[in-house]
Amino acid sequence: MSPGGTGCPVGLLLTVGWLLLAGLQSARGTNVTAAVQDGGLAREGPGEGEEETENNDSETAENDAPPETEDDVSNRNVVKEVEFGMCTVTCGIGIREVLLTNGCPGGESKCIVRVEECHGPIDCGWGKPILESLGSVTLACIHTSPANRFKYMWKLLRPDQQSIVLENDSAILEVRRENHPLAFECDTLDNNEIVATIKFTVYTSNELQMRRSSRPDTDAILVFVLTIGVVICVFVIFILIFIIVNWEAVKSFWGAKILTPEVQSEQSSVRYKDSTSLDQSPTEMPGEDDALSEWNE
């Protein structure tokens, strides 16, 4: 063989070998890519199944939930309006009702929701003792139940001088009467803030007796006026009852009273006509005589 004939087969073999290697590498890459894709699909499969399961469970829960009635929807849409009642006091501490004007149960127009505390002006002026005798006086601070939730400060008032704070810190104070009148003041505190204050005057025994002795005159006059008023009212009521019960008799009586003046007026008018006719008849007679005399002539 010649050297040129030997070189051609060798080059051909190298070319064929290179093509075989390239084909094997491409085949391996294709297999690896397919394996990776299959693994990804395998991993995505369970996730999609879980999502479908959750969707099915939510749909089942919605289907199993009880349907809302019209009353539930209307109650949910009702706007509740609140109204506050009048405070029980004009000063100090009191209570008031909180009323619901819309959305009451049973279709009521108003219903009480709760009772709450209300406040008025702090100064309540001069008060009256809750218990009074010739020897002592019992005074009370302004408060609401429970009384122990407030703090109380009693003071003895002195003219043109600083007041004296007493040791008593309860809502009730008992004072013995002295030879001169005394003035006391009680401050009601809530969270160390004054919410009400009231003053009292404690008179001497002689002044109390004088006030009690002067009071009966006024009371007697008041009782007399009230008695007269009650008697007049009862009398008027009895008259009205009598008229209602005996209405026919009363009607006939008043009818007769009304008819009597009418009859008298008719009789007087008839008498007047008769008198006028009598007055005119003599004047007519001379006229007739003159006519007869003229005819005879």
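**Figure 1. The disulfide of Cys104 and Cys111 in a predicted model.** The sulfur atoms of Cys104 and Cys111 lie 2.4 Å apart, and a disulfide is here a pair of cysteine sulfur atoms within 2.5 Å. The link is left-handed, with -90 degrees about the S-S bond. Both cysteines are buried, where buried means under 20% relative accessible area, exposed over 50% and partly exposed in between (1.4 Å probe, protein chains only). The model is predicted, so that local features need pLDDT of at least 70 and side-chain atom pairs count only at pLDDT 80 or more, whereas totals for chains, interfaces and linings use all residues. Residues are numbered from 1 along each chain as its sequence is written, and side-chain values use heavy atoms, with hydrogens and water left out.

**Figure 2. The disulfide of Cys91 and Cys124.** Here the sulfur atoms are 2.2 Å apart, and the link is right-handed at 125 degrees about the S-S bond. Distant parts of the chain are linked by this pair: Cys91 belongs to the loop between S1 and S2, and Cys124, 33 residues away, to strand S4 (residues 123-126). Strands (E, at least two residues) and helices (H or I, at least four) are DSSP runs, numbered from the N terminus. Cys91 is buried at 18% relative accessibility, and Cys124 is buried at 17%.

**Figure 3. The disulfide of Cys141 and Cys186.** The S to S distance in this disulfide is 1.5 Å, and the link is right-handed, with 100 degrees about the S-S bond. Because Cys141 lies in the loop between S6 and S7 and Cys186 in strand S10, the pair ties together parts that are 45 residues apart in sequence. Relative accessibility is 5% for Cys141, which counts as buried, and 1% for Cys186, also buried. The chain has 4 disulfides by the distance rule, and the pairing of its bonded cysteines, numbered in sequence order, is 1-5, 2-6, 3-4, 7-8.

**Figure 4. Antiparallel pairing of strands S1, S2 and S3.** Strand S1 (residues 82-84) pairs with strand S2 (residues 93-100) in the antiparallel sense over 3 bridges; strands count as paired if DSSP finds at least two bridges between them. Within this pairing, Val82 stands opposite Leu100 of S2. Strand S2 also pairs in the antiparallel sense with strand S3 (residues 111-119), over 8 bridges. Gly94 has Cys118 in S3 as its bridge partner.

**Figure 5. The largest nonpolar core.** This core holds 22 residues, of which Leu139, Trp154 and Phe184 touch the most other members. A nonpolar core is a set of buried Ala, Val, Leu, Ile, Met, Phe, Trp, Tyr and Cys residues joined through side-chain atoms within 4.5 Å. Two or more residues each come from strands S6 (136-140), S7 (151-157), S9 (172-176), S10 (182-190) and S11 (193-202). S11 gives the most, with 5 residues.

**Figure 6. The surroundings of Phe184.** Residues up to four places away in sequence are not counted in this view. The residues that Phe184 touches include Leu139, Leu156, Leu157, Leu166, Leu173, Val175, Ile198, Phe200 and Val202, where a contact means heavy atoms within 4.5 Å. Lys155 and Lys199 are also among the residues touched. Over the chain, residues 24 or more positions apart account for 53% of the contacts with a separation of 6 or more.
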